[in-house]
Amino acid sequence: MELPSTWLSRIVDPVLSRIALAVSVLWVVLMAVIVINVTARYLFDQGRIEFEELQWHLYSMGFMLTIGYALVTDAHIRVDVFHERMPHRARLWVDFYGLLLFVVPFSIVMLWYGWDFFIYSFNIGEISASPGGLPFRWFIKSFLVIGFALLLLAALSRLSRLYAGLFIRGT
């Protein structure tokens with residue numbers, strides 16, 4: 001659905017696009033780690049917990065850093081069976097209230113509790129509980145805060161565009 005741009009979307013959307021482009025390298029690294037891990041496990045009978053955890057960390061980082069990009073490009077999952085059958089203006093209202101009532105409050109709650117989650121992990125120097133696991137567990141937990149901050153920015157950008165589409169441009 002095409003929406004008008006706003007001053008906020010002209011700032012936030014390109015930043016999220018650049019982050020998503022940079023993070024795309026993580027997916028290649030993730031695939032390489034998976035191939036190495038599977039090869040080591042099944043050909044050499046040498047499974048490594050570091051590779052298992054690294055896979056989860058790379059996937060988590062990639063997901064959390066690009067979820068905001070998915071929102072601003074409207075590439076996220078929704079129940080299109082209903083959404084696509086609605087009139088254009090009704091879709092704008094559904095998206096507007098969905099973001100305002102669900103995404104923004106959820107992002108704020110996740111930031112509030114995610115920050116404490118990250119800080120506690122950092123302060124105690126949390127490491128993996130698995131023998132041979134990765135250190136610096138706080139590092140991966142920081143991506144909860146970063147990811148939800150980016151999601152909140154994306155939601156505010158999208159809200160500004162929806163608002164413009166509903167009230168300013170008269171669509």
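Leaving out neighbours within four places in sequence, Lys 141 is in contact with Phe 117, Phe 118, Ser 121 and Glu 126, where contact means heavy atoms within 4.5 Å. Before going further, the ground rules. This is a predicted model, with local features needing pLDDT of at least 70 and side-chain atom pairs counting only at pLDDT 80 or more, while totals for chains, interfaces and linings use all residues. Numbering runs from 1 along each chain as its sequence is written, and side-chain values use heavy atoms, with hydrogens and water left out.

Back to Lys 141. Its place is in helix α5; helices are DSSP runs of H or I, at least four residues, and strands are runs of E, at least two, numbered from the N terminus. Is Lys 141 buried or exposed? Lys 141 has 13% relative accessibility and therefore counts as buried. The cut-offs are under 20% relative accessible area for buried, over 50% for exposed, and partly exposed in between, with a 1.4 Å probe and protein chains only.

Next, the core. A nonpolar core here is a set of buried Ala, Val, Leu, Ile, Met, Phe, Trp, Tyr and Cys residues joined through side-chain atoms within 4.5 Å. The largest one has 32 residues, and the members touching the most others are Leu 16, Leu 71, Leu 99, Phe 143 and Leu 162. At least two residues each come from α1 (7-44), α2 (49-72), α4 (88-124) and α5 (137-168). Which helix gives the most? That is α5, with 12 residues. As for Leu 71, apart from residues up to four places away in sequence, Leu 71 touches His 76, Leu 99, Val 103, Leu 151, Ala 154, Ala 155 and Arg 158.

Now the aromatics. Rings of Phe, Tyr and Trp (its six-membered ring) pair if their centres lie within 6.5 Å; planes under 30 degrees apart are stacked, over 60 edge-to-face, and the rest tilted. By this rule there are 15 aromatic pairs. In one of them, Tyr 163 and Phe 167, the ring centres are 4.8 Å apart and the planes are at 50°, so the pair is tilted. Tyr 163 and Phe 167 are 4 residues apart in helix α5, so about one helical turn separates them. Tyr 163 is partly exposed at 41%, and Phe 167 is partly exposed at 43%. Elsewhere, one aromatic cluster is formed by Trp 115, Phe 118, Phe 122, Phe 136, Trp 138, Phe 139 and Phe 143.

Last, a loop residue. Gln 46 lies between α1 and α2 and is partly exposed, at 47%.
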